[in-house]
Amino acid sequence: MSKQVVILSASPRKGGNSDTLCDQFRRGCQQAGNQVTKIPLREKQIHFCNACYACRKTGSCVQKDDANAILQAMVEADVIVLATTVYFYSMAGQMKTLIDRCLSCGAKLANKEFYFIATAADGKAEMERTIDGLRGFTDCLPGAAVKGVIYGAGAWQLGDIQGSPAMEQAYQMGQSVH
C-alpha cells in the first residue's frame, strides 16, 4: 500500500548536501510506489513559537505564516523525513523553529514513522548530538517510530556528498518505505 511521505529539508542551499540526500530518498520512495512531497524550509516563512498556548484552545497555531500548511502536511503524512545540515553540532535553526511550532499539533503526529538525514563536515560520531535533538522531538510524540538515520559525513562544501555512501543509503532507505 502506498504511503504519504513528507520530506522536510532544512538545507539553506538548493542542491546542498542534505538537500541532495533528500532527493535520493525521494527517488527511492517514489520508485517504491509512495506519494512524496518535499518541502524546502529555506523557501518558507516560519515564525518562532511565542508560547501563547492559544493552540491548546483552538487546536491550531494562531500565527499566520507558512508553518500551518507544513504542519498540516505532517499531520496528513504517514512518514516524515527530517533532514538538516549540522551547525555547531546541532540542527539548523530552520528545523528547530519548525519543530517548536509542532506544539500546536503534537498529538496529531502520534504513530508516525520518521527518518532522519544529517550532513556535516565531521564524522558520524560528531553528528550524534544533532540526531539526539531530533530524537528528543520524536520522543515527545506517542507511538512515533524512528525507522532510519542517514549520516552524510564529510560533507563540508557544496557537492561533497556526491559519491558518498550516504547517497546509496538514502536511495535504499527511501525504497524500503512501504
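The lining of the largest cavity divides into 9 nonpolar, 4 polar and 1 charged residues. Here Ala, Val, Leu, Ile, Met, Phe, Trp, Tyr, Cys and Pro count as nonpolar, Asp, Glu, Lys and Arg as charged, and the others, Gly among them, as polar. This is a predicted model, where local features need pLDDT of at least 70, side-chain atom pairs need 80 or more, and totals for chains, interfaces and linings use all residues. Numbering starts from 1 along each chain, and side-chain values use heavy atoms, without hydrogens and water.

A cavity is a set of points on a 1 Å grid over the protein atoms alone where a 1.4 Å probe fits but cannot get out; lining residues have an atom within 4 Å of a point. Its volume is the space filled by probe spheres set on the points.

| Cavity item | Value |
|---|---|
| Cavities of 30 Å³ or more | 1 |
| Space in the largest cavity | about 90 Å³ |
| Lining of the largest cavity | 14 residues |

Cys49, Asn50, Cys52, Cys55 and Cys61 lie nearest the centre of the largest cavity.

Now the cores. A nonpolar core joins buried Ala, Val, Leu, Ile, Met, Phe, Trp, Tyr and Cys residues through side-chain atoms within 4.5 Å. Buried means under 20% relative accessible area (1.4 Å probe, protein chains only). The largest core has 33 residues. Leu8, Met95 and Leu98 are among those with the most contacts inside it. Another core, of 20 residues, lies apart from it and includes Cys22 and Met173.

Leu8 touches Met95 and Leu98, among others (contact: heavy atoms within 4.5 Å). Met95 and Leu98 are among the buried residues of helix α4 (residues 93–101).

Key. 1 Å grid on protein atoms, 1.4 Å probe; cavity = no way out; pocket = protein on both sides within 12 Å on 5 of 7 lines; lining within 4 Å. Buried < 20%, exposed > 50% of the residue type's maximum accessible area, 1.4 Å probe, protein only. Helix = DSSP H or I, 4+ residues; strand = E, 2+ residues; numbered from the N terminus. Lists of a residue's contacts leave out its neighbours within four places in sequence.
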